[in-house]
Amino acid sequence: PARIALRTLRHALEAAGADDAPAADDETLEIDQDRRWIRIPGRVRWVRFGRQMVPWRLLLELCEARLRAPGQAISAEALIAAGWPGQSVLPTAAQNRLHVAINTLRKLGLRQLIITRDEGYLLPPSVRVRWVVNS
């Protein structure tokens, strides 16, 4: 019971956010790789990925692509390889999996940050990516 109460309290505090904490930089996506958390530009609260490994790997690939070549889309095939490494999946099933995982990222709060183009997906060049350690 105490463990459940602590977990409930922690979730409630995370959902409420810290009102007195300064807001994150409006143009910076912060990523804590150790905890698998992100802070979306303009928000105070951190978003936890938990056990959602595929969306997490896709986000990391999008961020790395953003840092390597701002404004250049990463292909669906490259994202599929990053999201499901070593798995051979039929092309149609792989595309469906990718769409579901991208929609999961959008539902986590990244809707405005993931741009879809004919050649693939990207994060806007205006958004900076910052890796955070032990936030």
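The side chain of Glu 30 makes a polar contact with the side chain of Arg 39, at 2.6 Å; such a contact is a pair of N or O atoms within 3.5 Å, where one must be able to donate a hydrogen and the other to accept it, and residues adjacent in sequence count only if both atoms are side-chain atoms. Glu 30 is found in strand β1, residues 28-32, and is buried, with a relative accessible area of 6% (buried means under 20%, with a 1.4 Å probe and protein chains only).

This is a predicted model, in which local features need pLDDT of at least 70, side-chain atom pairs count only at pLDDT 80 or more, and totals for chains, interfaces and linings use all residues. Residues are numbered from 1 along each chain as its sequence is written, and side-chain values use heavy atoms, with hydrogens and water left out.

Now to the cavity. The structure holds one of 30 Å³ or more, a cavity being a set of points on a 1 Å grid over the protein atoms alone where a 1.4 Å probe fits but cannot get out, with lining residues having an atom within 4 Å of a point. Among the lining residues are Arg 66, Gln 72 and Tyr 121, and α2 gives the most, with three residues.

| Element | Residues | Share of the lining |
|---|---|---|
| α2 | 53-68 | at least two residues |
| β5 | 120-122 | at least two residues |

As for confidence, the pLDDT (scored per residue from 0 to 100) averages 86, and 84% of the residues score at least 70. Over residues 17-25 the pLDDT is below 50. Where pLDDT is low, the predicted coordinates should not be read in detail.

Conventions. 1 Å grid on protein atoms, 1.4 Å probe; cavity = no way out; pocket = protein on both sides within 12 Å on 5 of 7 lines; lining within 4 Å. Points joined across faces, edges and corners; volume = space filled by probe spheres on them. Helix = DSSP H or I, 4+ residues; strand = E, 2+ residues; numbered from the N terminus. Buried < 20%, exposed > 50% of the residue type's maximum accessible area, 1.4 Å probe, protein only. pLDDT = per-residue confidence, 0-100. Contact = heavy atoms within 4.5 Å.
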